[in-house]
Amino acid sequence: MKFYINLLAFLTGLLFTANAHCADMLMTPLTDKPPAINFKLQDMDGKIHQLSDYKGQPVIINFWATWCPPCREELPSMNRGWAKIKSDGIAMIAINVGEDEDTIFTFTGDYPIDFTVLLDLSGEVINQWPIKGLPTTFVIDPQGRIVYRAIGGRQWDAEELLNLVRALK
Amino acid sequence: MKIKYFSLLIGLLFIQVSYADISKTVLPESKLIEWKLIEDNFELKLVQRLPDQTRSFFEGRGFSKNITNNIANSCVFQTIGRNNSKDKQQTIHVSLKKWFIKIDQQRLPIKLKETWDKQWNDEQVNSASRLAFRWATFPTEQSFEPNGDYNWGMISFGPQPGSVFDLYIEWQSNDQTKNAWIKNIMCPKDR
């Protein structure tokens, strides 16, 4: 009888494993490492940022919008991830698609963002980058190449994921 | 005796697997219905949207009342596609051009974002509204890589609120074409 209880526990575990979403969701490595297209965008204070300003360090670039549910879900973990990596010489940028400063400012009252937020008001940048949906996040290596892509949200404070970015240094 | 227990356990396993293919759930808070398909690591969720939800979303993004009504009355569902594979080789590709609905013995294509976009001129819909529409709707073509790729967005299936239809879906898992029917999907009425 004990054998069958163990077997039942094993099979139940197997089913839960098969049905559960991957707890270890990482990123897709891009083997061809295409060059990241440079951009020139304003931040919330009107300061211009170019991607080329960040050459020499890994950069995490997240495309998002306030009305996008999975973006709202992953942003708190990005903020926690930023707290872990900001002293590691890694940059993190959130590019908002199509919304103005007031909308983003109101949103950040509920969802604080401590890293750089840039405004792609006209959608010019997102249209140039290889993106199908929001959120999409890219990791750029110090040479300015796209090395990882994540379509949909991730847990950005997961050490396993952050270590992939740290390893680019 | 041992064989009896073993058969029971194997039976339980298969009941779970077949149950997991397509399920229909009434969401407790909103009372809206979600259809969920899981097959070969492809997970698809279709969640009803009330016409009023869709209307307010697009009105909030600068669309006129007339256009938001057209969209809202086209049976819009929130759609989430996901690759659950841990196999680094399994890419799942979805093309909405291959999907169709069956209603009243008629086979109809679903209304793609490109079709909507073409029917509006620049005076009717400005570029900021088009941008919001483009990114809030499910991509017409999308590849989902392993490692947890997923995407979401609205799909307008076309029929009037209150209609019931069957949906044919198709996807590529690596080079293999897979398909499934989700039967008796209900377009929600305005509440």
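This is a predicted model: local features need pLDDT of at least 70, side-chain atom pairs count only at pLDDT 80 or more; totals for chains, interfaces and linings use all residues.
A cavity here is a set of grid points where a 1.4 Å probe fits but cannot get out, and its lining residues have an atom within 4 Å of a point.

**Close-up 1. The largest cavity and its lining in chain B.** Lys111(B), Thr137(B), Met154(B), Ile155(B) and Ser156(B) lie nearest the centre of this cavity, among the 16 residues that line it. Two elements of chain B, α4 (113–118) and β9 (150–156), each give two or more residues to the lining. The top contributor is β9(B), with three residues. Sorted by class, the lining holds 11 nonpolar, three polar and two charged residues. The space inside comes to about 110 Å³, and the model has three cavities of 30 Å³ or more.

**Close-up 2. The open sheet of chain B.** Follow the five strands across in the order β1-β2-β3-β4-β9, with antiparallel pairing. At the edges stand β1 (22–26) and β9 of chain B; each has a single partner strand, so one side of each is left without a neighbour in the sheet. From one strand to the next, the twist averages 20 degrees. Five bridges join β1(B) to β2(B) (residues 33–39) in the antiparallel sense, and across this pair Ser23(B) stands opposite Lys36(B).

Terms used:
Residues are numbered from 1 along each chain as its sequence is written. Chains are lettered from A and ligands numbered from 1 in the order in which they are written. Side-chain values use heavy atoms; hydrogens and water are left out. On a 1 Å grid over the protein atoms alone, a cavity is a set of points where a 1.4 Å probe fits but cannot get out, and a pocket is an open set with protein on both sides within 12 Å along at least five of seven lines; lining residues have an atom within 4 Å of a point. Grid points are joined across faces, edges and corners, and a volume is the space filled by probe spheres set on the points. Helices (H or I, at least four residues) and strands (E, at least two) are DSSP runs, numbered from the N terminus. Ala, Val, Leu, Ile, Met, Phe, Trp, Tyr, Cys and Pro count as nonpolar, Asp, Glu, Lys and Arg as charged, and the others, Gly among them, as polar. Two strands pair if DSSP finds at least two bridges between them. Axes are lines fitted to C-alpha atoms, for helices over the stretch in contact, and angles run from 0 to 180 degrees between N-to-C directions.
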